[in-house]
Amino acid sequence: MTSTQQMPQVQDCSVSSCSYNAEHSCHAGAITVGGDHAHCGTFVEISFRSGLERTGVVGACHRADCAHNEKLECTAASVQVGAAADKADCLTYSAR
């Protein structure tokens, strides 16, 4: 298992409507990527901002077909989240 220090950071998040987003920076403890188009499963659109004082990391990736996925963990140096097939997708996703 990867330690939190080794998990890739969410380098940029352009989903300004997400409650974990502050100035293009993700403040979720850890995001989960999955679904049929590498969706950020941690995306939440509520009336207030929340999260931690540090930048979020990728805690799990359920896209086994991603080139960066090894045993359900992301091996990319960092990830970007933004609009693709949905409002909040992992833009770093790359098919094997």
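Close-up A. R63 is buried, with 11% relative accessibility (buried means under 20% relative accessible area, exposed over 50%, and partly exposed in between, using a 1.4 Å probe and protein chains only). Its side chain meets that of D65 in a salt bridge at 2.7 Å, N to O (the term covers a side-chain nitrogen of Lys or Arg within 4 Å of a carboxyl oxygen of Asp or Glu). D65 counts as partly exposed, at 33% relative accessibility. As a reminder, side chains of opposite charge can pair when their charged atoms come close. Before you read on, note that this is a predicted model, where local features need pLDDT of at least 70, side-chain atom pairs count only at pLDDT 80 or more, and totals for chains, interfaces and linings use all residues. Residues are numbered from 1 along each chain as its sequence is written, and side-chain values use heavy atoms, with hydrogens and water left out.

**Close-up B. E45 and K87, a salt bridge between distant parts of the chain.** Searching the whole structure turns up 2 salt bridges, and one of them joins the side chains of E45 and K87 at 2.9 Å, N to O. The partners sit 42 residues apart: E45 is in the loop between β5 (39-40) and β6 (57-61), while K87 is in the loop between β9 (78-82) and β10 (89-90). Strand labels here are DSSP runs numbered from the N terminus (helices are H or I with at least four residues, strands are E with at least two). Both ends are partly exposed, E45 at 43% relative accessibility and K87 at 41%.

**Close-up C. N69 and its surroundings.** N69 belongs to strand β7, residues 69-70. With a relative accessible area of 6%, N69 is buried. Setting aside neighbours within four places in sequence, N69 is in contact with C61, H62, R63, A64, T75 and R96 (contact means heavy atoms within 4.5 Å). So R63, the arginine of close-up A, turns up again here as a contact of N69.

**Close-up D. I31 in the nonpolar core.** What does I31 touch once residues up to four places away in sequence are left out? The list is V10, C26, C40, T42, V57, V58, G59, A60 and V81. I31 is also among the residues that touch the most other members of the largest nonpolar core, together with V10, V15, V79 and V81, in a set of 19 residues (such a core is a set of buried Ala, Val, Leu, Ile, Met, Phe, Trp, Tyr and Cys residues joined through side-chain atoms within 4.5 Å). Strands β1 (9-13), β4, β6 and β9 each supply at least two residues of this core. In soluble globular proteins, nonpolar side chains tend to be buried together.

**Close-up E. Strand β4 and its partners.** Strands β4 and β6 run parallel and are joined by 4 bridges (two strands pair if DSSP finds at least two bridges between them). Across this pairing, I31 stands opposite V58 in β6. Strands β4 and β5 run antiparallel, with 2 bridges between them, and V33 stands opposite C40 in β5. The hairpin of β4 and β5 has 4 residues between the strands, and G35 takes a positive phi near 80° there. T42 is buried at 18% relative accessibility, and its contacts outside the four-place neighbourhood are Y20, A28, A30, I31 and T32.

**Close-up F. Two positive phi values away from glycine.** Most residues other than glycine have a negative phi, and most peptide bonds are trans. A38 has a positive phi of about 55° although it is not a glycine, and A38 is placed in the loop between β4 (30-34) and β5. K71 also has a positive phi of about 55°, in the loop between β7 and β8 (73-74). Buried or exposed? A38 is buried at 1% relative accessibility, whereas K71 is exposed at 76%.

Close-up G. The structure holds 0 disulfides (the cut-off is a pair of cysteine sulfur atoms within 2.5 Å). The C26 sulfur lies 6.0 Å from the closest cysteine sulfur, in C13, which is too far for a bond. C61 is in no disulfide either, its nearest cysteine sulfur being that of C66, 5.3 Å away. C26 is buried at 6% relative accessibility, and C61 is buried at 6%.
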